[in-house]
Amino acid sequence: MAALLALAAWVPIEARAASKKRTIEKPSAVKDVEQWIEEMRHKDAAEDESLKELEKKIAELLERPAENWYEHGSLEAAGNLKEQTSEMLRELSENLADAERAASALRAAGDAFPQEAKEAIGGELANAAQGLRTGGIKPGEQLLKQLQQASNGQGQNGMGNLSKEQLEQLAQMLRDNAKALAEALANSPELKLSQCAGGNGEGEGDGPGKGGIKRGPGTAPLSFKKDETNLDTKKLETLNSQLDLNRIAPGDVMGVQDGKHDVDENAYTGSKQGGTIQNAGDGGAAVWQNSLLPGEREALKRYFK
C-alpha cells in the first residue's frame, strides 16, 4: 500500500485547463441592422449622421449584460429597431423614386406645357425633397446639399421654376443615390425598396421602366401626351323630370306614372271550335321500343316465360 501511494505521488498531473469564457452572439435583428449600416456607409448611400443615430440605438440595446440579450424584452426591442429601420429605408427609397420621377417629368415638359401643371409637379417634387431632408434616414451628403440649393428661393411654386439643367442634375443625383442604396441592401430583398423609373427597371436611364425577370412591369411612366385622355368627364346628360338637382341623391325616385292596358274590345268575335284530331290513337302499343341483342332477347324470354 505504501508503494502505491508513493507511486501515485510520483506520477505528474497536469493543471486543470482554465475554463474558456462563453461567447454570446448578438441577436440576429441587431446584426442585420449593423450590416445595413456598414453597407450603406461603404456605398455612401445615406447621411453619416443618420447612421450614427442608428448605431447609438444599437449601443443602448447592447448596454444590458450579454446574458440578458435573449430575454423576451430585449428580443422585442431588437425586433422593433429592425422594423423601424426597415420602414425608414423604404420611406427613403420611395422619396428618392418620387423625386426622380417628378424631376424627370419637369425636365421633359416643353415650353407649351401649362404653367399650372408645372407648378403642381414642382410641388410634388418639393414634397418628396422635404421627405428626404426630414426622414429618419437621410440620403447622401451631396444630394442633401443639392436639394437644399434647389429648394431655396422657390417659394410656393415648389420646384416648378428650376431650369432644365438643374432638373437634369438633380434627377441624376437622385438616380445615383437610389442605385447606391439598392446595391448596399441587395442582400436584403425583404425590404422591397422602390426603384427609380430610369432605364429598364434595373439601372439608369431616361425612359420609363420596362421591368425584368425578377421584377414587375417597372414603374408607371410619368410622361405627357399631346392629346388628353377622354374620360367623358365633360359629357352632359339631360333629365326629363322637374327635380331639384341640388338635392338629388342616388336611389331617388325619378317619377311615377299611372297607366292602363290598351285592349281592343272589337277583336273578340265569339267562341270557336278547337278542331278535330288529325290521327287516331293506336292503343295497346308499347310506350317505347328497344332494340335488343339476340342474347338480351333470350334472357327476356326466359324471364317472362
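This is a predicted model: local features need pLDDT of at least 70, side-chain atom pairs count only at pLDDT 80 or more; totals for chains, interfaces and linings use all residues.

Biologist: Fine. How many helices and strands does the chain have?

Modeller: There are eight helices and zero strands. Along the sequence the pattern reads α-α-α-α-α-α-α-α.

Biologist: And what percentage of the residues are buried?

Modeller: Of the 305 residues in the chain, 27% are buried.

Biologist: What about contacts between residues at least 6 apart in sequence: what share joins residues at least 24 apart?

Modeller: That share is 62%.

Biologist: Then take H2 and H3. What are the angle and the distance there?

Modeller: H2 and H3 pack at about 160°, and their axes are 11 Å apart.

Biologist: Parallel or antiparallel?

Modeller: Roughly antiparallel, because angles over 145 degrees count that way. The crossing of H2 past H3 is left-handed.

Biologist: Which residues make that contact?

Modeller: From H2 there are Val30, Val33, Glu34, Ile37, Met40 and Arg41. H3 gives Asp48, Leu51, Lys52, Leu54, Glu55, Ile58 and Leu61.

Biologist: How do the residues of that contact divide by class?

Modeller: In the contact of H2 with H3, eight are nonpolar, none are polar and five are charged.

Biologist: What sits in the loop between H2 and H3?

Modeller: Asp44 has its place in that loop. Its phi is near 55°, which is a positive value in a residue other than glycine.

Biologist: Which other residue has a positive phi of about 55° although it is not a glycine?

Modeller: Lys192 does. Lys192 lies in the loop between H7 and helix H8, which covers residues 294-303.

Biologist: Is Lys192 buried or exposed?

Modeller: Lys192 counts as exposed, at 71% relative accessibility.

Biologist: Back to H2. How does H2 sit against H4?

Modeller: The axes of H2 and H4 come within 8 Å and cross at roughly 35°. H2 passes H4 in a left-handed crossing.

Biologist: Which residues of H2 and H4 make the contact?

Modeller: On the H2 side, Ala29, Val30, Asp32, Val33, Trp36 and Met40. On the H4 side, Ala78, Gly79, Lys82, Thr85, Ser86 and Leu89. By class, the contact of H2 with H4 has seven nonpolar, three polar and two charged residues.

Biologist: I also clicked on Glu76. Where is that one?

Modeller: Glu76 is in helix H4. Glu76 is partly exposed, with a relative accessible area of 45%. Glu76 and Ala29 are 47 residues apart in sequence, and their C-alpha atoms are 9.7 Å apart in space.

Biologist: And how do H4 and H5 cross?

Modeller: H4 covers residues 72-108 and H5 covers residues 115-134. Their axes come within 8 Å and cross at roughly 155°. That makes H4 roughly antiparallel to H5, and H4 passes H5 in a left-handed crossing.

Biologist: Which residues are in that contact?

Modeller: Among them are Leu92, Leu96, Ala99 and Leu106 of H4, and Ile121, Leu125 and Leu132 of H5. The class count for the contact of H4 with H5 is 11 nonpolar, three polar and two charged residues.

Biologist: Change of topic: how many residues has the largest nonpolar core?

Modeller: The largest nonpolar core has 46 residues. Those with the most contacts inside this core are Met40, Leu89, Leu96, Leu125, Leu181 and Leu185.

Biologist: Which elements give two or more residues to this core?

Modeller: They are H2, H3, H4, H5, H6 and H7. The largest share, 11 residues, comes from H4.

Biologist: What is Ala184 in contact with, leaving aside its neighbours within four places in sequence?

Modeller: Ala184 is in contact with Glu39, Met40 and Lys43. The C-alpha atoms of Ala184 and Trp36 are separated by 7.3 Å, while the two residues are 148 apart along the chain.

Methods:
Residues are numbered from 1 along each chain as its sequence is written. Side-chain values use heavy atoms; hydrogens and water are left out. Axes are lines fitted to C-alpha atoms, for helices over the stretch in contact, and angles run from 0 to 180 degrees between N-to-C directions. Helices (H or I, at least four residues) and strands (E, at least two) are DSSP runs, numbered from the N terminus. Angles under 35 degrees count as roughly parallel, over 145 as roughly antiparallel, 65 to 115 as roughly perpendicular and the rest as oblique. A crossing is left-handed if the near helix is turned anticlockwise from the far one by less than a right angle, and right-handed if clockwise. Contact means heavy atoms within 4.5 Å. Ala, Val, Leu, Ile, Met, Phe, Trp, Tyr, Cys and Pro count as nonpolar, Asp, Glu, Lys and Arg as charged, and the others, Gly among them, as polar. A nonpolar core is a set of buried Ala, Val, Leu, Ile, Met, Phe, Trp, Tyr and Cys residues joined through side-chain atoms within 4.5 Å. Buried means under 20% relative accessible area, exposed over 50%, partly exposed in between (1.4 Å probe, protein chains only).
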